[in-house]
Structure formats: structure tokens, C-alpha cells
Amino acid sequence: MIGILCAMREELEPVLEKVEVTEIIEYARNRFYKAKFQNKNLILAYSKIGKVNSATTATIMIEKFGAKKILFSGVAGAVDADLKIGDLVIATKTCQHDVDLTVFGYDPGFIPESKVYFECDENLNSVAKKVAERLGIKLKEGIIASGDQFIHSKEKKDWIKKTFNAVAIEMEGGAVGCVTWTFDVPFFMLRAISDTAEEGAGVDFDKFLEESSKVSAQFLIEMLKGIDEE
Ligand code: SAH
């Protein structure tokens with residue numbers, strides 16, 4: 001079973017269009033779609049925005065539906081100057097930029113008995129790089145930072161860049177990274193840029209959400225062709 005997770009309805013819809021939905025299950029105030037894609041079994045859902053929702057949905061996919069890997073598709077704000085709206089980025093690692101226990105001497109993003117960075121799966125990342133090469137698509141790779149805040153300030157974005165060496169920011173990856181690390185399940189994080197995360201990002205986001213969601217979904221579907229269920 002492969003878990004496909006998004007945060008928002010707009011991110012999931014273009015993925016659902018490309019798979020054969022076999023069953024819809026209402027559970028935990030959410031809707032889970034069992035589906036087939038080229039004989040592979042999938043469980044799909046959008047979690048709603050943010051770290052708590054995405055952690056809950058990822059946990060349900062693993063514990064209730066038996067997902068053996070989690071692939072995330074969605075949109076993000078650009079941090080790296082190379083990234084333009086519509087560009088694709090995959091995470092090498094994810095982290096939580098809004099975790100702050102620094103007064104106790106810990107690094108930003110660190111929780112005792114946990115860690116700052118959660119590694120994404122190298123095999124899945126290499127499948128993504130091969131797909132990008134085959135299709136001639138530019139694919140950036142780097143750290144993606146998450147927090148329960150929509151970032152729309154150059155100052156805040158620069159702080160996240162400096163502190164976590166992030167290339168993009170969003171609101172779920174660090175939480176899903178923590179869940180998949182906890183359960184030892186491979187994790188893949190794909191995002192298409194929807195905004196600059198600077199002043200005016202909210203307007204860009206609303207304008208580009210649908211378009212960028214489709215870019216991410218289409219790429220994920222291409223990748224699925226080369227991914228095993230186990
Ligand atoms: N306009 C939406 C809210 C969007 S929140 C509404 O009214 O419902 C932004 C979503 O896209 C989150 O799921 C987050 O993961 C991602 N995202 C895109 N750009 C972002 C940014 N600049 N900062 C934080 N998250 C961002």
C-alpha cells in the first residue's frame with residue numbers, strides 16, 4: 001500500500017483524477033480514498049492544513065491502512081533564490097522551523113529525544129531525479145522547513161533560510177517527516193512553488209495554488225509508475 005498525502009483539496013484533486021478510486025472511507029473527520037494505479041494499491045487523502053492535521057493523517061495511513069511508504073504532493077513557498085513559481089522541489093530532509101526550546105540550550109527546531117531534521121528516502125528521491133531527467137524537468141533538491149504559519153515576510157523567510165538552510169517552506173513536511181521517522185516508513189516530499197513567501201505571497205498563493213498543485217500531481221503520477229508497493 002502506497003500512501004499519497006496532500007494538505008489541501010486542490011492539491012489532491014489532480015492526483016485523484018489519474019487513479020482508479022475503488023472505495024471511499026470516512027474516518028476521523030476525514031475522507032480516505034482507496035485506489036489502484038497500474039495494479040498498485042494506494043491510499044489517498046488530504047489532511048487539511050498544518051502539522052497536527054498532516055501528522056494525524058499520515059499516522060492513520062500507516063497504522064490503519066498499512067501504508068508502507070508516504071508520498072506527499074503539494075505546493076510551497078520559495079526560499080532558494082533559484083526557485084520560481086511552478087518549479088518543482090523535493091526534500092532531502094524536513095524540519096520544524098517553529099519549534100523553539102533554545103532557552104534550554106537546544107538548537108532551533110530540536111525536541112529532546114527527537115531531532116531537528118527528518119531524512120527523506122534516498123531511493124524515492126532517486127526515482128524522482130530519473131523522472132525529471134527523462135522528462136527534461138528542472139528539479140531542485142534541498143531541505144524543506146515547516147511551521148504552522150503561512151510565511152509572507154522576507155525577514156522571516158531569510159531567518160528560516162539562515163537557521164535551517166532551507167530551500168522551501170510549507171506547513172506539513174516536518175510533521176510527516178517526524179511521523180514517518182517514528183514508524184520507520186520511507187517518506188518522499190514533493191512540492192511545486194506557489195509563491196515567494198515574501199510580502200504579497202498570499203495573493204500569489206491564491207493565484208497559483210491550482211496550477212502549481214497540478215504540476216506537482218502530474219510529476220507524482222509519473223513517479224508512481226516506477227515505485228513498488230512494498
Ligand atoms: N488560502 C488557503 C490557506 C493556504 S495555507 C485557505 O484559505 O484555505 C498554505 C498551504 O500551502 C499550506 O498547506 C502550506 O503547506 C503551503 N504553503 C505554500 N506557500 C507557503 C508559505 N509561503 N508559507 C507556508 N506555507 C505555504
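Glu 170 is found in strand E9, where strands are DSSP runs of at least two residues and helices are runs of at least four, numbered from the N terminus. The model is predicted, so local features need pLDDT of at least 70 and side-chain atom pairs count only at pLDDT 80 or more, while totals for chains, interfaces and linings use all residues. Residues are numbered from 1 along each chain as its sequence is written, and side-chain values use heavy atoms, with hydrogens and water left out.

Glu 170 has a relative accessible area of 5% and is therefore buried (under 20% relative accessible area, with a 1.4 Å probe and protein chains only). Its side chain makes a polar contact with the side chain of Arg 191 at 3.0 Å (a pair of N or O atoms within 3.5 Å, one able to donate a hydrogen and the other to accept it).

Around the ligand there are 19 residues, of which Ile 151, Met 171, Glu 172, Asp 195 and Phe 205 come nearest; a residue counts as near if one of its heavy atoms lies within 4 Å. The shell around the ligand comprises 11 nonpolar, three polar and five charged residues. An oxygen atom of the ligand lies 2.6 Å from a polar side-chain atom of Glu 172. A ligand nitrogen atom is 2.9 Å from a polar backbone atom of Ile 151, and a nitrogen atom of the ligand is 2.6 Å from an N or O atom in the side chain of Asp 195. Elements giving two or more residues to this shell are strands E5 (69–78), E9 (166–170) and E10 (187–195) and helix H6 (201–224).

Notes
Ala, Val, Leu, Ile, Met, Phe, Trp, Tyr, Cys and Pro count as nonpolar, Asp, Glu, Lys and Arg as charged, and the others, Gly among them, as polar. Buried means under 20% relative accessible area, exposed over 50%, partly exposed in between (1.4 Å probe, protein chains only).
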